[in-house]
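Hi,

Here is the structure I promised to pass on to you. Have a look at it first, and then read my notes below.

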Amino acid sequence: MLMPLPLKTVARALCGSVRIALAALLFSLLAVSASFAQAPSLPAFQATATSPNFKDGKVVLEERRIRAYGYLGADENIIRQTLQRIVRQEGDAPGGWVYEWSVLGKYYDDRGDELVKTGARHEALDAYMTSSVYYALAWFPKINSEQEGKAYDAQLRVYQKGGKLFDVPLELVKVPYKDGYITSYLHKPFGVKKPPLVIWCGGVDQYKANHWRPIQDMLTKGFAVATLDLPAFGESRQWGADLKAEANFAVLETYLKREDVDTQRISFFGQSYGGAATLRAALRNDPRVKAIVAMCAGLHLDEKNSLAPDAKPGDKLINGPLLVVNGTRDPGNPVPDLMSTYQAAKQGDLWLLGRGEHCAVEYYPIVIPQMADWLMEKIQTRSPHS
């Protein structure tokens, strides 16, 4: 798991003269300078589309978000210390949200470059993937500005550098979509000739280079995983929102033409907004999709925002296997909605994750491997014509 501790990072850096400067830089990153401490407080204002990480003049990052980025590979102590330095959203100078996280991203990016020169492949991969997480924080929760767009471009660049060091190198697969292409990232397990495939999409603030950590658990179980940015987000933000799961099926059509994955065993996984996309896909009952996981998402039957406006709770809407997963304390997807969602499938399962909030990331180290087992069981036993 990618959770590098600062002291270990420094110890490794001090092992060679080439890295002494990097170690010194890390110390400087962790320090809160006197000039920041004495900076005048900002006037109180509410979060807006262009300053989403501030409220009442103070920087805000929810505890569940800190846990999530810690799971993905950042260090929680570094996150908390960095938050103390941030006083504004934009600006290419110390104290800016994008700037501070990007400095961390560049530190680990540079470290990866130095480690590659020494032949330390695994250590370099760790550095690149850690860099990717900090760049993801720089554009979180959505790309609203040119500076945030540059941070996302940096994340994609460093993820692709790390991808060259994967046990099976990352492949960029272009998917024809409307007037252009959606770029998907294909991750394949080592030693599996034709693995089953999971097409994976995240939420409005979790784009295709944010899923490396959970993908490792899927690869370990023998799955290949293709990640994408849904239309209106990430590298696909040139298009409007996709309310018919057209992008999911465009990706499906592209991968059905490949010979290096098992095209008879393809599943969809979606998280949050991506979970809603997978549920829209599930409602189409395409027999080429063998199973679907909807994480922290529901059909909202009998509600104004229902994904199936003409249906009611109790209707059987989905033919294939469906797994619904979430914490029990998600106000946007409450337990009754989760229950009516899984009950809408002829082969539905519901996993409630304790007192977890939206997506319940604290359960991921346990639930992702079990989810992979669930998928493998369903795609092995389901008839192609069911």
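A word on naming before anything else: the helices here are DSSP runs (H or I) of at least four residues, strands are DSSP runs (E) of at least two, and both are numbered from the N terminus. Please also keep in mind that this is a predicted model.

Let me start with helix H9, which covers residues 212–220. Seven of its nine residues are buried, so H9 is largely enclosed by the rest of the structure. The buried ones are Trp-212, Arg-213, Pro-214, Ile-215, Asp-217, Met-218 and Leu-219. After H9 comes Gly-222, with a positive phi near 100°.

Now the aromatics. How many aromatic pairs does a search of the whole structure find? The count is 17. One of them is Trp-139 with Tyr-207: the ring centres are 4.2 Å apart and the planes are at 5°, so this pair is stacked. Trp-139 is in helix H7 (residues 121–139) and Tyr-207 is in the loop between strand S5 (196–201) and H9, so the pair ties together parts that are 68 residues apart in sequence. Are these two residues buried or exposed? Trp-139 and Tyr-207 are both buried.

Phe-166 and Trp-212 make another pair, but with centres 6.4 Å apart and planes at 40°, so this one is tilted. Here Phe-166 comes from the loop between helix H8 (146–163) and strand S3 (171–177), while Trp-212 belongs to H9, so parts 46 residues apart in sequence are tied together. Phe-166 and Trp-212 are buried as well. If you like clusters, look at Trp-97, Trp-101, Tyr-107, Tyr-108 and Tyr-134, which ring pairs link into one.

The charged end of Lys-208 sits over the ring of Tyr-185, 5.2 Å from its centre, and that of Arg-284 sits over the ring of Phe-249, 3.9 Å from the centre.

On to the sheet. It is an open one made of eight strands with mixed pairing, in the order S3-S4-S6-S5-S7-S8-S9-S10. S3 and S10 (345–352) are the edge strands, each pairing on one side only. On average, neighbouring strands are turned by 25° against each other, direction ignored. Within the sheet, S5 and S6 (residues 224–228) run in the parallel sense and share five bridges; Cys-201 stands opposite Leu-228 in S6.

Helix H10 (residues 246–255) packs on it, touching S3, S4 (180–187), S5, S6, S7 (262–271) and S8 (289–295), with its direction at about 120° to that of S3. Helix H12 (residues 335–343) also packs on the sheet, where it touches S9 (318–326) and S10, and its direction makes about 150° with that of S10.

Last, the salt bridges, of which the structure holds 28. Glu-362 pairs with Arg-67, the closest N and O atoms being 4.0 Å apart. Glu-362 is in the loop between S10 and helix H13 (364–381) and Arg-67 is in helix H4 (residues 63–72), so this bridge ties together parts that are 295 residues apart in sequence. Glu-362 is partly exposed at 39% relative accessible area, and Arg-67 is partly exposed too, at 29%.

Asp-109 forms a salt bridge with Lys-161, with the closest N and O atoms 2.7 Å apart. Asp-109 sits in helix H6 (residues 97–118) and Lys-161 in H8, so parts 52 residues apart in sequence are tied together. Asp-109 is buried, with a relative accessible area of 4%, whereas Lys-161 counts as partly exposed at 22%.

Then there is Asp-167 with Arg-121, where the closest N and O atoms are 3.2 Å apart. This pair links distant parts of the chain, 46 residues apart: Asp-167 is in the loop between H8 and S3, and Arg-121 is in H7. Asp-167 counts as exposed at 52% relative accessibility, while Arg-121 is partly exposed at 31%. Finally, Glu-62, Arg-64, Arg-65 and Asp-205 are joined in a network of salt bridges.

Cheers

Notes. Residues numbered from 1 in each chain as written. Predicted model: local features only at pLDDT ≥ 70, side-chain atom pairs only at ≥ 80, totals over all residues. Heavy atoms only, no water. Buried < 20%, exposed > 50% of the residue type's maximum accessible area, 1.4 Å probe, protein only. Phe/Tyr/Trp six-rings, centres within 6.5 Å; stacked < 30°, edge-to-face > 60°. Lys NZ or Arg CZ within 6 Å of the ring centre and 35° of its normal. Pairing = 2+ DSSP bridges. Axes fitted to C-alpha atoms, helices over the stretch in contact; angles between N-to-C directions. Contact = heavy atoms within 4.5 Å. Salt bridge = Lys/Arg side-chain N within 4 Å of Asp/Glu carboxyl O.
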